[in-house]
Amino acid sequence: METNKQVRVRFAPSPTGGLHLGGVRTVLYNYLFARQHNGKFILRIEDTDQTRFVEGAEQYIYDCLHWCGLTPDESPLTGGPFAPYRQSERKPIYYNYALQLVKAGYAYYAFDTPEELEAMRERLKAANSHSLQYDHHSRMGMRNSISLSEEETIQLLENGTPFVIRIKIQPNETVICNDLIRGEIHFDTSAVDDKVLLKADGMPTYHLAVVVDDYLMQITHAFRGEEWLPSAPIHILLWQYLFGLDNMVKWAHLPLILKPDGNGKLSKRDGDRLGFPVYAMNWTDPVTGELTKGFKETGFLPEAFNNLLSQLGWNDGTEQEIFSMSELIEKFSLQRVHISGAKFDFEKAKWFNHEWIKSASAKRLLPDITTLLNNNGIDTGNKNLFEIIDLIKDRCTLLTDFIEHTRYFFIPPKTIDVASIAQKWDEKKKTFFESLIPIFEKAEEWNSITIETLFKAHASTHEIKIGELQMILRVFLVGCKAGPGVFHITTILGKEDTINRIISGIKQL
RNA sequence: GCCGCGUUGGUCAAGGGGUUAAGACGCCUCCCUUUCACGGAGGAAUCACGGGUUCGAAUCCCGUACGUGGUACCA
């Protein structure tokens, strides 16, 4: 074990649109691990499938990582010592390695057309074969450099016949994946198929590209979703054939994030169906124009998003659930990453956000809230938003809740909830409020304590219980029975606004 | 079908031979507040099943069931 090697980890997404929360969690774990070990976090773009190119998808990934604060040390954007970091720009590299494998007898040319492959599967299905794979059973019946004579192969190659390069899997061998999270996993190569390594367009498949690039970019640890586990033997064999097992990355397969109801991997569709975001940020499909909501726009704080993601598959063994980024960097450990998948619970996700909003300073929240309110037609210019945020943040689970909870500070209620106070309203109370106005007008100081004192003194001279009066005042000011202490509200509203709303309220009853 | 992985309340989970099987979310009750929250105090609810091993199993072993991932010239 080369313990002195600098830790280098990578996130290698395919830019096909949207960034799933599971992807962000993979980024997070990579990032935490890199920071904890003073290593490097690399972003590599796996764009080898040219048929799946999506406009803007790569930029979107940068935007998401930026919002989350999980920015890579090396990427196509920032560059780095192992550039290029976009696989489409590394195309020639892979061909040479594929060729090397063919020469060594670990891979071979295959000339089968998609139709022939389909026919093969049909044939195997009809024969009741328990494997429908292109493998040691079936490859002799196909058109490839193993089944064909050398002359035929050369002829086909010289004729420019389209070909792929497939790995040649030897049956009856055991490949062991030593997973950092799950321990030893054994695979019998008899059940592994001859996967395509190099496609007919000269691009590598994922299998070849990860191995080659992880080696070339000196990656030390490879974290990826559990869905990759079945193809691990291919990658391990490739490492063995190309670069040696001693140089191989250490693998860690992360548990899946499952849909809340039923079972299966959480997908964008589940979010649409159940009404919660799955992507980090809003994503608009450039072709269909369809918008998929993101956590950011739903009103999540990036601190909360990272925090909740960190707990979806890991905990530190104590009762602590709220972690700052620096705590996570300090405490994260692969040993405590779970083995089994977790169903995503949006209620719990919101709880995390609520906790972060409650403990956030008004200063931290101010820029986000200002933008949010302004975008929603609320002019915050003449009021102390700082103070308002402090007053109401406890009742905001999502950032977007600030709209509803701050609106009445800026905009007088058009109508008030008459029904909630109508029964308590009588001539005596009307007189009380009418005579309250000149008292307020004459008030020299306008703060929560003096207003309350004035109000209560006036109530006692009228011999009315203050409770009901406060409720009425609240509805006059806010429009409904909600919000923080009513005298705090009058303070922020100011004398003029308070009096105007009382006058307006009396008129509506 | 075949191969891999998994299974502690509704959900997230701690616990890895002896525990009254933590805690959190959600739900319910009460207190605080003549509002809504926040906060506080309680409550209901769990080791998939069957065999072993053991004085003793949620914990170790083997089966079974169920779930899930893969089985593309997608990643």
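Helices (H or I, at least four residues) and strands (E, at least two) are DSSP runs, numbered from the N terminus. The model described here is predicted, with local features needing pLDDT of at least 70 and side-chain atom pairs counting only at pLDDT 80 or more, while totals for chains, interfaces and linings use all residues. Residues are numbered from 1 along each chain as its sequence is written, chains are lettered from A and ligands numbered from 1 in the order in which they are written, and side-chain values use heavy atoms, with hydrogens and water left out.

Rolling a probe the size of a water molecule over the atoms shows where empty space is left. On a 1 Å grid over the protein atoms alone, a cavity is a set of points where a 1.4 Å probe fits but cannot get out, whereas a pocket is an open set with protein on both sides within 12 Å along at least five of seven lines; lining residues have an atom within 4 Å of a point. Grid points are joined across faces, edges and corners, and a volume is the space filled by probe spheres set on the points. The largest pocket has a volume of about 1100 Å³. It is lined by 39 residues, of which Pro13, Ser14, Gly23, Glu227 and Trp228 are the closest to its centre. Two or more lining residues come from each of β1 (8-11), α1 (21-36) and β8 (221-225), and α1 gives the most, with five residues. The lining comprises 15 nonpolar, 14 polar and 10 charged residues, where Ala, Val, Leu, Ile, Met, Phe, Trp, Tyr, Cys and Pro count as nonpolar, Asp, Glu, Lys and Arg as charged, and the others, Gly among them, as polar.

Sugar or phosphate accounts for 73% of the RNA strand B atoms within 4 Å of the protein, and bases for the rest. A backbone N or O atom of Gly483 is 2.7 Å from a base nitrogen, an N or O atom in the side chain of Arg474 is 3.0 Å from a base nitrogen, and a backbone N or O atom of Glu468 is 3.2 Å from a base oxygen. Elements giving two or more residues to this surface include α4 (114-126), α12 (346-359) and α18 (466-478); α12 gives the most, with five residues. By class, the surface near RNA strand B has 18 nonpolar, 17 polar and 25 charged residues.

A few local details complete the picture. With a disulfide taken as a pair of cysteine sulfur atoms within 2.5 Å, the count comes to zero. The sulfur of Cys68 is too far from its closest cysteine sulfur, that of Cys64 at 6.6 Å, for a bond. Cys68 is buried at 5% relative accessibility (buried is under 20% relative accessible area, exposed over 50%, partly exposed in between; 1.4 Å probe, protein chains only).

Most residues other than glycine have a negative phi, and most peptide bonds are trans. Ala83 and Pro84, however, are joined by a cis peptide bond, with omega about -5 degrees. Asn128 has a positive phi of about 60 degrees and is exposed at 70% relative accessibility.

Note on methods. A residue is near a molecule or strand if one of its heavy atoms lies within 4 Å of it. A polar contact is a pair of N or O atoms within 3.5 Å; within protein, one must be able to donate a hydrogen and the other to accept it, and residues adjacent in sequence count only if both atoms are side-chain atoms.
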